[in-house]
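Please work through each task before reading its solution.

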Amino acid sequence: MINVKIRRDEEGYIYGYSVEGHAENGNEVDEAVACNSVSMVTQFPLIGAQRQLKLNAEIAVDKEIGWLWVDFPSYANLRLQAMLETMVICLKMLQEKGVEINLKEV
């Protein structure tokens, strides 16, 4: 199971997120596709924030356990929020396609 936690402030802005775990459905190819899909979806807004918007992000990674933690100190940026909300939409679409994602918004 892949666990994704979206962290929002009191106004609903996303200021960070974390991803942990690996897909586990017994089929190595499906598992790899699921993990890669979630990885790409959650890394796109991070790369966009850093390279296009020139925003800093605090990042922690542990590849062995499949863990990514991201926090944006300057998150009240409408372009960043559009990227982050699109990430949430894509994660929900992956869920609809059968990828086992436990998505929590806090």
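**Exercise 1.** With which residue does arginine 8 form a salt bridge, and how far apart are the closest N and O atoms?

*Solution.* The model is predicted, so local features require pLDDT of at least 70 and side-chain atom pairs count only at pLDDT 80 or more, while totals for chains, interfaces and linings use all residues. Residues are numbered from 1 along each chain as its sequence is written, and side-chain values use heavy atoms, leaving out hydrogens and water. A salt bridge is a side-chain nitrogen of Lys or Arg within 4 Å of a carboxyl oxygen of Asp or Glu. The partner is glutamate 85, with the closest N and O atoms 2.8 Å apart. Arginine 8 belongs to strand β1 (residues 2–8) and glutamate 85 to helix α2 (residues 78–96), so this pair ties together parts 77 residues apart in sequence. Helices (H or I, at least four residues) and strands (E, at least two) are DSSP runs numbered from the N terminus.

**Exercise 2.** Determine which residues are linked in a network of salt bridges.

*Solution.* First, the side chains of arginine 8 and glutamate 105 meet in a salt bridge at 2.7 Å, N to O. Glutamate 105 lies in strand β5 (residues 101–105), so its pairing with arginine 8 in strand β1 ties together parts 97 residues apart in sequence. Next, glutamate 105 forms a salt bridge with lysine 92, their closest N and O atoms being 3.6 Å apart.
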